[in-house]
Amino acid sequence: MIYVVIVFLWTSILLYLLLGGADFGAGIIELFTSGKNRSRTRKTMYEAIGPIWEANHMWLIIAIVILFVGFPKIYSTISVYLHIPLVCMLLGIIARGTAFVFRNYDAVKDDMQKLYSPIFMYSSLITPLFLGIIAASSVSAKIDLKASNFPDAYIWSWLNWFSVSVGVFTVSICAFLASIFIIGQTDQPADTRYFVNKARKTIFIVMISGALVFIAAYIEHVPLMDWIFGGYPGMLAIGLASLSLLLMFYMLQKEKPVLLRLLAGFQITMILFAATYTHFPNIVLLKNEATLSLLAHQGQAKTIDSLGYALLIGSIFILPALFYLIYIFQKKENTSQT
Amino acid sequence: MDDLLAARLQMAFSLGFHIVFACIGMVMPFFMSVAHFYWLKTKNAVYKDVTKAWSKGVAIFFATGAVSGTVLSFELGLLWPGFMEHAGPIFGMPFSLEGTAFFIEAIALGFYLYGWNKLNPWFHWVTGVIVGISGLLSGILVVAANAWMNSPAGFDYINGQYLNIDPIKAMFNDAWFTQALHMSIAAFVSTGFAVAGVHALMILRRRNVAFHSKAFKIAAVFGAVAACLQPISGDISAKDVAIRQPAKLAAMEAHFHTERSAGLIIGGIPDTAGKKVDYALKIPGLLSFMATGDFNGEVKGLDQVPKSEQPPVAVTHYAFQIMVGLGMVMVGIALLYFIALWKKKHWQKAPWLLKLFVVATPMGFIALEAGWTVTEVGRQPWIIYGIMRTSDAVTPMPGVVYSFYLFTAVYISLTLIVSVLLYRQITMVGRLYDSSSDQHQLK
């Protein structure tokens with residue numbers, strides 16, 4: 001049953017990265033779009049994410065609940081030593097979620113929009129930045145359980161070039177996902193061309209920020225090269241991701257939105273796979289080669305069993321409903337367009 | 001301010017904020033579904049307008065409740081890592097189920113809000129009902145987790161270790177039913193009175209009267225029925241607390257000395273040092289009757305509890321008085337409303353009755369917050385009753401006080417923005433929702 005729970009944990013993180021990520025990306029793209037194109041970008045984005053945007057963020061809650069029920073030691077260690085970036089991420093989540101609702105449900109569209117929109121856009125940037133920082137910090141061996149002063153325990157645990165570069169990389173991935181997703185959401189040829197151009201730019205940014213991660217890892221003595229290129233699965237995953245990126249450039253010219261989305265999803269899955277599989281079952285790498293492991297630090301058998309059953313039963317209810325929700329609104333949009 | 005107090009206050013503010021949004025988010029869908037049902041049955045357009053207006057409210061409150069709930073799931077660990085490390089695997093069951101219920105609520109809300117003219121009308125209606133049911137289920141599950149802190153079950157505590165964990169037994173602990181019942185009804189009372197009060201005010205101002213009258217009636221009936229049920233559930237809770245957590249009951253009542261035929265203390269200023277209550281009204285024997293069902297029953301006082309395990313008396317006592325007092329006022333208003341519904345129909349349009357509802361607008365939520373203060377402060381100094389002290393659970397990180405200031409500022413600004421938003425929704429009813437109004441834009 002422990003493997004069922006681990007699969008759910010990994011899948012929730014992946015889905016949050018994909019769906020929540022595309023959602024964050026919508027705000028990031030809006031932030032980096034000049035004034036005259038902003039409103040059409042926003043409108044297309046809103047139509048795309050409106051019905052499912054709440055559900056997209058549930059994956060984070062599922063992941064966190066799995067962590068604190070099944071792996072309490074891991075949850076409490078991260079909570080203590082990464083307190084500050086977690087608080088920053090939470091502030092981003094609060095600001096973003098409320099600003100999104102406020103700007104779409106305010107009965108009067110006036111100067112208040114000038115308050116909501118920047119909050120929405122900047123928090124869309126800050127939240128994934130800190131998510132990336134937290135993820136990187138949990139494997140960069142900077143958390144020191146024996147630290148005796150405040151900066152060593154609570155600041156240098158997460159503030160380093162590697163963590164920040166992964167944060168930036170996460171932001172660029174979100175922008176990339178959103179820019180691919182938006183291509184299929186419009187039937188105006190001019191808009192499509194505009195969005196395709198945008199997608200090309202974000203792909204370059206992903207590649208540059210990805211390279212920066214490797215440089216930062218080198219500076220901070222994080223053996224990233226060994227993790228990814230030390231074994232065949234990692235090499236294979238990154239190889240496939242690179243190949244599909246080439247394919248994606250070709251497809252961008254053909255403007256095949258569904259295929260583009262699948263490719264984007266595939267690439268992110270491969271990146272997450274390459275980033276996590278080497279350490280498995282370790283999930284947190286601490287200073288002095290101490291680790292927190294999904295197997296060694298799991299809860300008692302009865303807890304894991306009931307958690308596994310709860311997740312299985314839950315997914316029987318959730319997944320069909322979620323697919324139907326996505327299906328029905330995609331279908332209606334397409335029929336209303338023709 | 002020390003870190004423990006800062007952490008407790010931050011948790012209290014976060015929960016106190018979340019609970020208002022969570023309650024409205026789980027109860028308003030029921031109001032909305034009733035209005036929607038009348039629209040489908042009678043084809044009276046006013047009901048459709050009310051449904052649409054309320055669904056906007058649901059969207060705003062649900063989203064705010066969802067983010068504040070996400071924050072709480074992290075705050076549990078950020079502020080109380082010592083607690084979560086041991087409690088997580090034991091009381092996690094309701095949280096994992098709640099994840100499902102909440103997810104379904106989000107999906108159903110997606111269908112509901114964007115489903116107008118896209119779905120089969122009755123399927124559309126059912127998705128609205130599902131929003132309400134899954135919201136209510138989420139609420140019950142989360143309260144079951146809180147009940148476990150008051151009534152720990154499903155593990156053996158041996159030499160400081162938590163062994164033989166049984167998550168199902170932990171979920172169905174002794175307190176889950178009484179607490180979930182009391183809280184669910186409270187959610188209906190507070191939301192019912194808050195919504196009814198707002199619509200009553202608009203009727204008094206002669207704005208879109210047909211629209212607001214229909215809305216008022218639905219909310220007022222829900223609120224009034226729930227208000228009359230709440231004392232019964234309160235009585236069940238009191239008897240339960242008397243057995244499980246005598247220290248909490250003693251603090252609620254500022255009952256310092258164990259005695260038979262104990263009197264019920266109403267109001268007053270507790271004097272913890274002198275172990276007495278000044279300026280209180282005392283009804284002989286009533287506390288014994290309420291706690292044990294017998295006017296001569298023995299009620300344990302704070303003298304039975306070691307000093308180091310006593311909860312703060314004054315806060316618990318005042319909060320309890322506020323909750324019961326406001327609850328009784330709402331029962332009174334509810335009874336008057338029932339008379340208006342069945343006997344004196346002309347009262348329904350009488351300004352004095354509407355004014356009473358306007359005055360009562362915040363009462364339910366004040367009572368609700370006071371009730372949670374009783375539960376949480378009355379459990380102190382324990383975070384897991386009798387097992388773990390709150391002071392042993394708090395994060396080792398210094399400087400929690402800054403995080404407290406930060407979150408307080410965030411919650412205050414959010415409260416202000418939501419208030420502006422609601423004010424605008426309500427004043428714009430004529431233009432946005434009431435299709436019979438002259439100013440309506442969307443005809």
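**Close-up views of chains A and B**

**View 1. Where chain B meets chain A.** In this predicted model, 52 residues of chain B are in contact (C-beta atoms, placed from the backbone, within 7 Å) with 53 residues of chain A. Helix 2 (45–79), helix 3 (81–114), helix 5 (167–171) and helix 14 (400–427) of chain B each bring at least two residues to the side that touches chain A. Helix 3 of chain B gives the most, with 21 residues. By type, this side of chain B has 34 nonpolar, 13 polar and five charged residues. Here Ala, Val, Leu, Ile, Met, Phe, Trp, Tyr, Cys and Pro count as nonpolar, Asp, Glu, Lys and Arg as charged, and the others, Gly among them, as polar. Helices (H or I, at least four residues) and strands (E, at least two) are DSSP runs, numbered from the N terminus.

Residues are numbered from 1 along each chain as its sequence is written, while chains are lettered from A and ligands numbered from 1 in the order in which they are written. Local features need pLDDT of at least 70 and side-chain atom pairs count only at pLDDT 80 or more, whereas totals for chains, interfaces and linings use all residues.

**View 2. Helix 10 of chain A.** Take a look along residues 189–219: these 31 residues reach 45 Å from first C-alpha to last, close to the 45 Å expected (1.5 Å times one less than the number of residues). Buried residues (20 or more other C-beta atoms within 10 Å of their own; exposed means 12 or fewer, partly exposed in between; C-beta atoms placed from the backbone) in this helix include Phe195(A), Thr202(A), Val206(A) and Val213(A). Their cover includes helix 1 (2–31), helix 9 (161–183), helix 11 (224–229) and helix 12 (232–254) of chain A. After helix 10 comes His221(A), with a positive phi near 60°.

**View 3. Ala141(A) in its loop.** You will find Ala141(A) between helix 7 (112–139) and helix 8 (150–155) of chain A. Ala141(A) counts as buried because it has 20 C-beta neighbours inside 10 Å. Beyond its neighbours within four places in sequence, Ala141(A) is in contact with Leu285(A), Leu286(A) and Lys287(A).

**View 4. Confidence along chain A.** The pLDDT (the predictor's confidence in each residue, from 0 to 100) averages 82 in chain A, and 95% of the residues score at least 70. Among the elements of chain A, helix 3 (residues 53–56) has the lowest mean, 70, and helix 5 (residues 72–81) the highest, 89.

Technical notes: Contact = placed C-beta atoms within 7 Å.
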